[in-house]
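Here are my notes on the model you sent over. Have it open while you read, and go through the points in order.

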Amino acid sequence: MKRLWVLGSSVLLLVPACSDSNGSGSSPIGDGPSLAGLLHAVPDTADSRGNPVYYGNLTVVRAGQLPDNFDDDLALLVENSSGQVFLPDAVRSGIREPEFAQFAGFDTRQIAVALEYGVLPDTVAVLVGTMKSGAIQKGLEASPGGEATTKEQVGAVTYLSLGEDGASDFGSVSPIRRVGQPLRLAIEGDTLYWGRTRASVEAAVGAVANAAPSLADDANYLAVAGALDAAKVANGILVAPAAAESWSLAGLGETFQGDASTVTVALLYATPAMATAAVAAFRAHIESGVSLVSSAPWSEVLTVVDISAAGPLMTATLTSKRPGLAANVVVTQDNLLQF
């Protein structure tokens, strides 16, 4: 069986939501389904800039379908993405177990798009869809140790907490708490914030409310995210330079077609002249370069469809014989973007 992508957003058809007293309604994030829109939830901090920001658009992967049950939805997501559909670790680590939906209060059918950023213990998952705060609270309370669930209402935001700060309760391990870690959740409208610390979740909520700067306030992040949105990517990653690369910010996106995929690369440079020069350099890298990880020529896996520059942004469209390559490049620190 194909497996989900293992890690450690253009007009989109967001799954429609119905307002009710359990906390559903419109997303507080402007253009929430897009990657650029979800950047409003990412506080502008050194950790946010220094680590990848991961994005998954499950609506794009579903391609207009929405199965009636969870098993069929998961099977559809896996099949349509060659097993590379992105889900944040908070969801992915236990999603295959029947108790996940029981304890989380939702399953994949309620998720339209997802984002993940930060480093433990301050990693935050942002889910936009049709999750309901009442169902989530009921699920937490039914989980091991769930009698300690607390709820706090702050304006339109519902905060749910379970577990002690900074501690793991190994007697309360479940599909939503793989190591008994604390859970800190916030639900506002159609957006769920999921983390391990109240401070990290509050920071995301505050960034959306413009109480503090977010990555959406940075024109460079918006430009790269916008390029991936324009390509209607199913998975997307924003990456800062790590090995003295000449670009200042990179975006890798991917859509899936059976056993192949289309990879979008967006690289932002300091000047338009640098972006223009990168067009020929990147093409040569694909045609004659070798993967640092596999030692195989990039040309055996990737084929250039188009490479162009517009201002300081170089954008490339490639076909890939290896679905999931975009994520693998980031996770393994391969040299696709080093040229």
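**Notes on charged residues**

1. Let's start with Asp 165: this residue is exposed, with a relative accessible area of 61% (exposed is over 50%, buried under 20%, partly exposed in between, using a 1.4 Å probe and protein chains only). Its salt-bridge partner is Arg 184, with the closest N and O atoms 2.5 Å apart. A salt bridge here is a side-chain nitrogen of Lys or Arg within 4 Å of a carboxyl oxygen of Asp or Glu. Arg 184 itself is buried, at 6% relative accessibility.

2. Quick word on the source: this is a predicted model, where local features need pLDDT of at least 70 and side-chain atom pairs count only at pLDDT 80 or more, while totals for chains, interfaces and linings use all residues. Residues are numbered from 1 along each chain as its sequence is written, and side-chain values use heavy atoms, leaving out hydrogens and water.

3. The structure holds 9 salt bridges. One of them joins Asp 107 to Arg 109, with the closest N and O atoms 2.8 Å apart. Asp 107 is buried at 5%, and Arg 109 is partly exposed at 23%.

4. Have a look at Arg 49 and Asp 44 too: their closest N and O atoms are 2.6 Å apart in a salt bridge. Asp 44, Arg 49 and Asp 218 are linked in a network of salt bridges.

5. What does the side chain of Glu 254 reach? It gets to the backbone nitrogen of Gly 324, at 2.9 Å. Glu 254 is buried yet has no salt bridge, and the nearest side chain of opposite charge, Arg 322, is 9.0 Å away (Lys and Arg count as positive, Asp and Glu as negative; His and the chain ends are not counted).

Technical notes:
Polar contact = N/O pair within 3.5 Å; in protein donor to acceptor, adjacent residues only side chain to side chain.
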